[in-house]
Amino acid sequence: MNDDATEALREEIRAATRKYRRTERAHKQARDELIEAIVTGLRGGVRPAEAEEDSPFKGAYIRRIREEHKIPAFKKGQPSAE
């Protein structure tokens, strides 16, 4: 390959990297907003299983979020906030 062709390919890589970084920031922001919504929900009485059903996160990660934010676990038979 000549220098011009190589430079064009490198520019494609740089452009794709810029796009990746832009979308990475947007993804992180959306994830942070989702976690905050889950925390608010759990504190307001939404059951972890309901948060799992309504989000892309699995139960284990919902429990981790709950524990990290020091939200008490639901007791068996405890009604959800409805």
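1. Helices here are DSSP runs of H or I with at least four residues, strands are runs of E with at least two, and both are numbered from the N terminus. Please keep in mind that this is a predicted model, in which local features need pLDDT of at least 70, side-chain atom pairs count only at pLDDT 80 or more, and totals for chains, interfaces and linings use all residues. Residues are numbered from 1 along each chain as its sequence is written, and side-chain values use heavy atoms, with hydrogens and water left out.

2. Is Arg66 buried or exposed? Arg66 counts as buried because its relative accessibility is 12%, and the cut-offs are under 20% relative accessible area for buried, over 50% for exposed and partly exposed in between, with a 1.4 Å probe and protein chains only. Leaving aside residues up to four places away in sequence, Arg66 touches Leu42, Ile71, Pro72 and Ala73; a contact means heavy atoms within 4.5 Å.

3. Arg66 also has a charged partner: its side chain meets that of Glu67 in a salt bridge, at 3.7 Å from N to O. The term stands for a side-chain nitrogen of Lys or Arg within 4 Å of a carboxyl oxygen of Asp or Glu. Side chains of opposite charge can pair when their charged atoms come close.

4. Helix H3 also holds Arg64. Arg64 is partly exposed, as its relative accessible area is 47%. If you look from Arg64 to Asp32, 32 residues apart along the chain, you will find their C-alpha atoms separated by 14 Å.

5. What does Asp32 pair with? Asp32 forms a salt bridge with Lys28, and their closest N and O atoms are 2.8 Å apart. Both residues belong to helix H1 (residues 3-43), where they are four residues apart, about one turn of the helix. With a relative accessible area of 39%, Asp32 is partly exposed.

6. Another group to look at is made of Glu7, Glu11, Arg14 and Arg18, which are linked in a network of salt bridges. Within this group, the side chains of Glu11 and Arg18 meet at 2.9 Å, N to O. Glu11 counts as partly exposed at 34% relative accessibility, and Arg18 is partly exposed too, with a relative accessible area of 43%. A search of the whole structure finds six salt bridges.

7. Now for the overall picture. The protein has three helices and zero strands, giving the pattern α-α-α along the sequence. Its C-alpha trace spans about 70 × 20 × 15 Å along the principal axes. The radius of gyration is 21 Å, whereas a compact globule of 82 residues would have one near 12 Å; the value is taken over C-alpha atoms, and the globule rule is 2.2 Å times the number of residues to the power 0.38.

8. Of the 82 residues, 18% count as buried. The accessible surface comes to about 6,700 Å², with 53% of it belonging to carbon and sulfur atoms; such areas come from the Shrake-Rupley method with a 1.4 Å probe, and for residues only the protein chains shown count as cover. Among contacts between residues at least 6 apart in sequence, 54% join residues at least 24 apart.
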